[in-house]
Amino acid sequence: MRTRPVAALLPLVLGACSLAPAYKPPLTAAPPAFKEALDPMPAGWAQATPMDGMHRGDWWRAFNDPVLDDLEMKAAAASPTLAAALARYDQARATARSDAADLFPTAGVEGDIVRERSSATAPGVTAARTHPYTDRYVGGSLSYEIDLWGRIRNTVAASKAEANASSADLTSARLSLQTGVADAYARLRGLDAQTELLKRTVAAYERAYQLTDDRHSGGIASGLDINRARTTLSNARAQISAIANQRAAIEHELAALTGALASNFTVAPHVQPLDAPEVPTGMPSELLQRRPDIAAAERRMFAANRRIGVAKAAFFPKLTVGLSGGWESTSSDLFSAPNT
């Protein structure tokens, strides 16, 4: 009689086992000082802490440019890369929920109505069964796998880690898209400023050329002077044409990022200074801690560690307990005790 409680607790004790190795992220030893530094680094250094989950918000609004704001919104709504990353994240979350369902019992309900007749010469057949009759069945089942070796728990942990990695991938795709739009827009406005400067330069060179031509007509300037002035003016005009080609290429880039047709997409030229946001001292190190791609790599490393335990558990047997029951009868009074 004393062994019964022990036998009942044995599956629970075994259920706490896990064959996955202990997860230990690789550590990088930090030197007390850089090799090039003569003195040790000052106090105040601290170990890095992940901050990839921080909300980044609409960071490009720091430039105070409504045109850039509109381009960013269009890119977020039309980017197929961002939509694909979101779909992969939804898929990973659904997989994690599906794997987590294995932690709980599985219940099923079924029913069946069959119209049949048995052969009169079949063994054990009564006279009543030689005529057509209706067999009705309603039942259910309940099964549960006892997680002896941690297979289910390790699978769930790996799936959750993969979902977190997909979330970080989605964040990376969104940041990459936003950065690409902002970078292309800044280059576009830079070319607008260069074009405006070159137009003023061409106007000045035209006046200089006209003055040299007048001096040449009066016999003061030589033909070499007028050729030099003409060459300088032509070079300035050629630079305007080259910048126009570069600007058209950047407009096509913005069209691709925002999901628009390049033939119908135009950003009106405008010369304006972009208000660069203030970057406080020490921000680069914090930005490194907020990188979602690093967080995604770490989560996938953790998932791979958990899947080692899943693979090892395949060498051992599974223990599943089940229960099933129902009612079956050839009469309409199905739910009665004799039909159980």
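**A colleague's note on the predicted chain**

1. Let me start with the contacts: among those in the protein chain between residues at least 6 apart in sequence, 78% join residues at least 24 apart. Contact here means heavy atoms within 4.5 Å.

2. A word on the ground rules. This is a predicted model, in which local features need pLDDT of at least 70 and side-chain atom pairs count only at pLDDT 80 or more, while totals for chains, interfaces and linings use all residues. Residues are numbered from 1 along each chain as its sequence is written, and side-chain values use heavy atoms, with hydrogens and water left out.

3. On confidence, the protein chain has an average pLDDT of 83, and 85% of the residues score at least 70; pLDDT is the predictor's confidence in each residue, from 0 to 100. Helix H3 (residues 80–100) has the highest confidence, at 94, and helix H1 (residues 3–14) the lowest, at a mean of 50. Please keep in mind that where pLDDT is low, the predicted coordinates should not be read in detail.

4. The secondary structure consists of seven helices and three strands. Both are DSSP runs numbered from the N terminus, helices being H or I with at least four residues and strands E with at least two. Reading from the N terminus, the order is α-α-α-β-β-α-α-α-α-β.

5. The protein chain has 340 residues, and 25% of them count as buried. Buried means under 20% relative accessible area, exposed over 50%, and partly exposed in between, with a 1.4 Å probe and protein chains only. The chain exposes about 22,600 Å², with 60% of that supplied by carbon and sulfur atoms; accessible areas come from the Shrake-Rupley method with a 1.4 Å probe.

6. Do have a look at helix H2 (residues 66–78) and helix H4 (residues 151–217), whose axes come within 10 Å and cross at roughly 145°. The axes are lines fitted to C-alpha atoms, for helices over the stretch in contact, and angles run from 0 to 180 degrees between N-to-C directions. From H2, the contact is made by Val 67, Leu 68, Leu 71, Glu 72, Ala 75 and Ala 76; from H4, by Leu 177, Gln 178, Val 181, Ala 182, Tyr 185 and Arg 189. These residues divide into nine nonpolar, one polar and two charged. Ala, Val, Leu, Ile, Met, Phe, Trp, Tyr, Cys and Pro count as nonpolar, Asp, Glu, Lys and Arg as charged, and the others, Gly among them, as polar.

7. Asn 64 may interest you for its backbone: it has a positive phi of about 55° although it is not a glycine. Most residues other than glycine have a negative phi. Asn 64 lies in the loop between H1 and H2, and it counts as exposed because its relative accessibility is 56%.

8. Strand S3 (residues 319–329) contains Ser 329, which counts as buried because its relative accessibility is 8%. Leaving aside residues up to four places away in sequence, Ser 329 touches Thr 134, Asp 135, Arg 136, Leu 334 and Asn 339.

9. Thr 320 is also found in strand S3, and is partly exposed, with a relative accessible area of 48%. Its C-alpha atom is separated by 6.8 Å from that of Ser 143, 177 residues apart along the chain. Not counting residues up to four places away in sequence, Thr 320 touches Ser 143, Tyr 144 and Glu 145.
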